[in-house]
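Biologist: Please put the model on screen, and we will go through it by question and answer.

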Amino acid sequence: MKVAGTTGLIMNEPLLWEKSKKGRCGISIPESDVPSAPLDAEFEGEGPDFPDLSEVDVVRHFTRLSQWNFGVDTGMYPLGSCTMKYNPKINEKIAAMPGFAGAHPMLPPELSQGTLQLMYELEGFLNEITGMDATTLQPAAGAHGELTAMLLFYAYHKSKGEKRSKILIPDTAHGTNPASATLCGYESIPLESGEDGILTVERVAELMDEDTAGIMVTNPNTLGLFEENIKKIAEIVHDKGGLVYCDGANMNAVMGVVKMGAIGIDAIHLNLHKTFSTPHGGGGPGSGPVCVKKHLEPFLPVPRVTKDGDRYVFQYDRPDSIGKIHAFYGNYGIQIRAYSYILTMGQDLKRASQYAVLSANYIKEKLKDVLHLPYDRPCMHECVFTDKNQEPYKITTLDMAKRLIDYGFHPPTIYFPLVVHGSIMIEPTDTEPKENLDQFIEAFRSIAREAAENPDLLREAPTVPKVRRLDEATAARKPVLCGVN
Amino acid sequence: MRYLPHTSEDVAEMLQAVGAQSLDDLFSTIPKDCRFTGDLNLPPAMTEWDLTNHMAELAGRMAAWPECKVFVGAGSYSHNIPASVPYLLSRSEFSTAYTPYQPEISQGTLQAIFEYQTLASRLLGMEVANASMYDGASALAEALLMAIRIARGKKTTVAVSKLIHPMYRQVVRTYFDPTDYKIVELDYLPDGSTDLSAVEGMDDLAAVAVQSPNFFGCVENIQAVSDAAHRHKALSVIGFTEPLAYGLFKSPGSQGADIACGEGQSLGIPQSYGGPGLGMFTALQKYVRSMPGRLIGQTTDKDGERGFVLTLATREQHIRREKATSNICSNQGLCATMTTMYMASLGGTGIRKVARLNRDKAEYMKSELKKAGLEIPFERPTFNEFVVKFPEGYESTYQKLIDRQIVAGIPLECHYPELADHYLLCVTETHSKADIDALVKEVTA
């Protein structure tokens, strides 16, 4: 096969302060047109020990660094549960328009009708896509949205004069779910999935009680499976006065196919940086809006954007609100990009979900004879394999993932979800052409052959990138987190 | 649809491979009563060109610098950003990557964030910085929770200055609401700094938190805050909304801070209506294992070459789940990278000059307003923003200026009812002397 990964000329580049020369500067600084104001020595510091660099130094430095990175624009990035789909370029241009990028967050409403209208309309779009009644755009990322939803649950129960102490969390959940619940003072009660990888009505019924605030369900779940019993589960939780939260990290599977508001969900967060195509930025900024049903609306963070005739305004006076979870209105620049994406896609959002699911099932079918597939049933937008078939050769998931790099692919998510030993979680997304899927499949099949025939190739991988496997144990044992000159 | 690559031939081949008759068939595991069968009620898809026009129309209804003269800081600052910074940041190897789980092909992100951690630590005089939090407000909330964690839950009260940004305090209250932890708000003195007297004798204190420069723009006596905290075996938590001030003023670290955290937007990030910005979070090394958020560490590869990895992950949610130090996963990585590009462009020489310019402009405006007979009620030194007391009835002048796209500060009364007619004004290096003179003329007319 023709392999995508190859070697090329990559430049070494020192740390910033290793190339500093005192007196250089990479920014033009205006001459002062006002008198200088002396500052009492009691307050004046020495100033930070920053490296001095010219503009060329800075540009070359970061250009070289960028070339050591792999992004969606470089190649297929099938990181499960992260929805690494294509990030449209027009949305970058729009977010940089001076009217948006230069807007101060405390502008009076008469000078900020554009941003307010966008927020109002984006909330409406997200309500429509999720089938919910109201949305807050304030959470800055998915986990921040989870926390917001848990705070809403807490406030809801409090308004009923209750303080519940527990929450049900499936064993397939992202680690952020229990961590968010803890921040709200909830004890996480682990909920085991059934034999077919989904939650059972019986187990929920056993665990759900009137001291349990509700349940956090990821749907589709992290095994890429739709929680088929969700409606019955929601009924049980509601009967005990609890609430159902959906972790919407995997919404890319079901846009226009399932309306969460119609299947018993009370609150859901969305990751605009996953489902709605905004760039992941090497780990953020993301955006994690929370959409809720009517009964949770009074508790949403302030301010709420409302429409008064033709005029958009912020409403702060909401006595039941949980308050604020971001200094201003969340990651607004990300909201602009998601809004632009939705306007670009229209009805094609559904087709995006269909293609995401089609591509994942295609990979599943094409690899299941060489990789162990723990749940052999139709999947949603991602499929989960394990390294069980490679165990006889003492080859692990990590070895296969590292070898994929040599073939020119970003590895899938590995060792998550935790319920599957040695899991390999592949999410191809809706934007990957079939030729790339085929090449990825061929690469993985070839790696499976190498595992049997020449396992050292995998253990030594990767060999193509700038650095080889790194010593993570020493990094953690003797942490060096800050550079010295 | 240009983002969706499959042709009908591709779809047919793939459906056949998976044994499905149609695209709808793929969703057969979803029970019928969970399925939505209608069409989403969304506007018809737009072309790139129609979208651009629509968005330009929305953006055009915003008051943006320089057409609009905005003399407001209060947590979001207008500074000159060199063209090289957004240009470099648009390199999609940075922007279209995710969390660097695979270090061999993420060294660009990893080294850049390691450099960010280093420069952030140096700016604030601290020993270690994390890879970022969401914003200044959530960074403060997490800092206070961390202080309680370090006190092992034995001490659960935090003393928070009333001169911390009102919206940050609101976020702290929201984070604290479901806990049994207590927040005591510290009043302010006539000179515009925090009154620490209420701290004395508090035996349940985990942290004392102030912001410097504070919400009135005044520089706090950080050493006195740290001393008061340490006398009570509590942590000194120093917040900020304008880190550029530390190009000129003494750093929190040089004055006994245990944690210094705040908003990094002013270091090269566009204002973007309040986000995305950057939650900067720094601390002393001895507290690193209690810190929230991601950390990048230096190490070597198999061949002994220098490289960088995510490290100390056993604090984090994906390993520790309900026992993690925080729930944070995605942070503001690209913003941290942007800030690094900006700080590297400024350098030690440049940051000093730009910081001095900011202070000089603000001092000039202050003196001109004083000359015109206005009162500057707080005498503590300031950086680039300060409070002005206007005569009664100024509100109508303020409103008239807004109609002409001039925003002459923000009123403080909504957050501090005792401060009627007091406004917070900001000037930076982006304002010329002519801008300042014109504003002084307008507000004193």
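Predicted model: local features only at pLDDT ≥ 70, side-chain atom pairs only at ≥ 80, totals over all residues.

Biologist: Is strand β4 (residues 212-218) of chain A largely enclosed or open?
Modeller: Helices (H or I, at least four residues) and strands (E, at least two) are DSSP runs, numbered from the N terminus. Buried means under 20% relative accessible area, exposed over 50%, and partly exposed in between, with a 1.4 Å probe and protein chains only. In β4(A), 7 of the 7 residues are buried, so the rest of the structure leaves this strand largely enclosed.

Biologist: Which residue is the bridge partner of Gly214(A) in β5(A)?
Modeller: Two strands pair if DSSP finds at least two bridges between them. β4(A) runs parallel to strand β2 (residues 166-170) of chain A, with 2 bridges, and Leu168(A) has Ile215(A) as its bridge partner in β4(A). 5 bridges join β4(A) to strand β5 (residues 243-248) of chain A, also in parallel. Within β5(A), the partner of Gly214(A) is Leu243(A).

Biologist: What is the handedness of the unit made by β4(A), helix α8 (residues 230-239) of chain A and β5(A)?
Modeller: A crossover is right-handed if, with the strands pointing away from the viewer, the path from the first strand over the helix to the second runs clockwise. For β4(A), α8 and β5(A), the β-α-β unit is right-handed.

Biologist: Which strands of the open sheet in chain B stand at the edges?
Modeller: The sheet has 7 strands in the order β2-β8-β7-β6-β5-β3-β4 (chain B), with mixed pairing. Each edge strand has a single partner, so one side of each is left without a neighbour in the sheet; the two are β2 (128-129) and β4 (182-186) of chain B.

Biologist: What area is buried between domain 1 of chain A and domain 2 of chain A?
Modeller: An automatic or database domain assignment gives the bounds, here domain 1 (92-345) and domain 2 (349-467) of chain A. Contact means heavy atoms within 4.5 Å, and 28 residues from domain 1 meet 20 residues from domain 2 in chain A. Buried area is the accessible area (1.4 Å probe) that two parts lose on being put together, summed over both. Carbon and sulfur atoms give 63% of the area buried between these domains, which is about 1900 Å².

Biologist: What is omega for the cis peptide bond that joins Asn219(A) and Pro220(A)?
Modeller: Pro220(A) is in the loop between β4 and α8 of chain A. The cis bond from Asn219(A) to Pro220(A) has an omega of about -5°.

Biologist: Is Lys394(A) buried or exposed?
Modeller: Lys394(A) lies in the loop between β10 (383-385) and α11 (397-406) of chain A. Its phi is positive, about 55°, although Lys394(A) is not a glycine. With 66% relative accessibility, Lys394(A) is exposed.

Biologist: Is Ala74(B) buried or exposed?
Modeller: Ala74(B), not a glycine, also has a positive phi of about 55°. Ala74(B) is in the loop between β1 (69-70) and α3 (84-89) of chain B. At 3% relative accessibility, Ala74(B) is buried.

Biologist: What area do chain A and chain B bury between them?
Modeller: The contact involves 209 residues of chain A and 180 residues of chain B. Of the buried area, 64% is on carbon and sulfur atoms, and the area for chain A and chain B is about 16700 Å².

Methods. Residues numbered from 1 in each chain as written. Chains lettered and ligands numbered in written order. Heavy atoms only, no water.
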